[in-house]
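I set out to record what I looked up in this structure, entry by entry.

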Amino acid sequence: MSAAQRDEGTDWQDRIVSDPAALNGAPTIRGTGIAVALVDQLLRRGYTVEAITSKYLHITEEDVAACRRYGEEQREREYAEFVRKTPKRTPEEVADWRDRIECVPGRLGGKPVIVNTRLSVEFITDLLKGGYRTPADVVRDYPQIREDDVDACVKYKATGAKLSNFTWADLNALMDADELSKS
């Protein structure tokens with residue numbers, strides 16, 4: 001049985017509890033005291049369900065699947081909150097991303113990237129969607145960029161521009177078309 005098949009239909013609410021007396025109220029697997037965040041991090045780092053259950057004999061495959069679902073739902077909620085708090089802007093309002101984002105035809109197939117890196121806008125915004133909570137979290141793991149670069153990626157994505165196979169010529173053509181339509 002695959003991990004996806006095990007996870008399907010798993011209701012984490014039957015297996016995960018938050019007890020203020022245990023781990024400062026952090027979610028744990030019922031009856032074990034093992035933090036859900038620990039199991040979720042092990043899964044995200046590539047540990048198999050079998051490896052986790054053999055290390056922590058108190059938990060079952062179903063417990064691990066519940067931790068996976070709980071973690072996914074938590075990241076989805078955090079990303080939704082991040083998106084909700086990010087103001088929607090027009091391209092004119094987000095002009096400052098232009099100094100930090102570039103499209104180079106020979107680099108990553110022309111995807112928009114942070115200037116002088118191979119880190120695409122899509123990659124950075126996927127990191128934020130996938131569990132990184134703040135630009136500082138991203139910079140901690142990718143020290144070659146700054147928080148302003150991460151912010152520029154979010155702002156670039158907010159313009160609605162394509163994240164792949166997009167060149168500056170395409171962007172210029174879109175902007176020229178907008179100018180013509182305003183005339």
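This is a predicted model: local features need pLDDT of at least 70, side-chain atom pairs count only at pLDDT 80 or more; totals for chains, interfaces and linings use all residues.

I looked up F123 and noted a relative accessible area of 32%.

Residues are numbered from 1 along each chain as its sequence is written, and side-chain values use heavy atoms, with hydrogens and water left out.

**Aromatic pairs**

I searched for paired rings of Phe, Tyr and Trp (the six-membered ring for Trp), with centres within 6.5 Å; planes under 30 degrees apart count as stacked, over 60 as edge-to-face and the rest as tilted. The structure holds 2 aromatic pairs. W12 and Y70 form an edge-to-face pair, at 4.8 Å centre to centre with 85° between the planes. This pair links distant parts of the chain, 58 residues apart: W12 is in the loop between helix 1 (3-7) and strand 1 (16-18), and Y70 is in helix 4. I take helices (H or I, at least four residues) and strands (E, at least two) as DSSP runs, numbered from the N terminus. Both W12 and Y70 are buried. F123 and Y142 also pair edge-to-face, at 5.5 Å centre to centre and 90° between the planes. Here F123 lies in helix 5 and Y142 in the loop between helix 6 and helix 7, 19 residues apart.

**Charge over a ring**

I applied a further ring criterion: NZ of Lys or CZ of Arg within 6 Å of the ring centre and within 35 degrees of the ring normal. The charged end of K55 sits over the ring of Y56, 5.6 Å from its centre.

**Buried charged residues**

R75, in helix 4 (residues 61-85), is buried at a relative accessible area of 15%. I list its contacts (heavy atoms within 4.5 Å): leaving out residues up to four places away in sequence, R75 touches D40, R44, K129, G130 and G131. The C-alpha atoms of R75 and R133 are separated by 8.9 Å, although the two residues are 58 apart along the chain.

E102 lies in strand 3 (residues 101-103) and is buried, with a relative accessible area of 17%. A polar atom of the E102 side chain lies 3.0 Å from the backbone nitrogen of N116. N116 is in the loop between strand 4 (112-114) and helix 5, is exposed at 67% relative accessibility, and has a positive phi of about 65° although it is not a glycine.

**Nonpolar cores**

I define a nonpolar core as buried Ala, Val, Leu, Ile, Met, Phe, Trp, Tyr and Cys residues joined through side-chain atoms within 4.5 Å. The largest has 16 residues; among those with the most contacts inside it are I101, I114, V150 and C153. Helix 5 (121-129), helix 6 (135-141) and helix 7 (147-158) each supply at least two of its residues, and helix 7 gives the most, with 5. Beyond four places in sequence, V150 touches I124, L128, P135, V138, V139 and I145. A second, separate core of 15 residues includes W12, I29, V49 and V64.

**Cysteines**

Which cysteine counts as buried at 0% relative accessibility? C153 does, and C103 is buried at 9%. I searched for disulfides (cysteine sulfur atoms within 2.5 Å) and the count comes to 0.

Definitions and conventions. Buried means under 20% relative accessible area, exposed over 50%, partly exposed in between (1.4 Å probe, protein chains only). A polar contact is a pair of N or O atoms within 3.5 Å; within protein, one must be able to donate a hydrogen and the other to accept it, and residues adjacent in sequence count only if both atoms are side-chain atoms.
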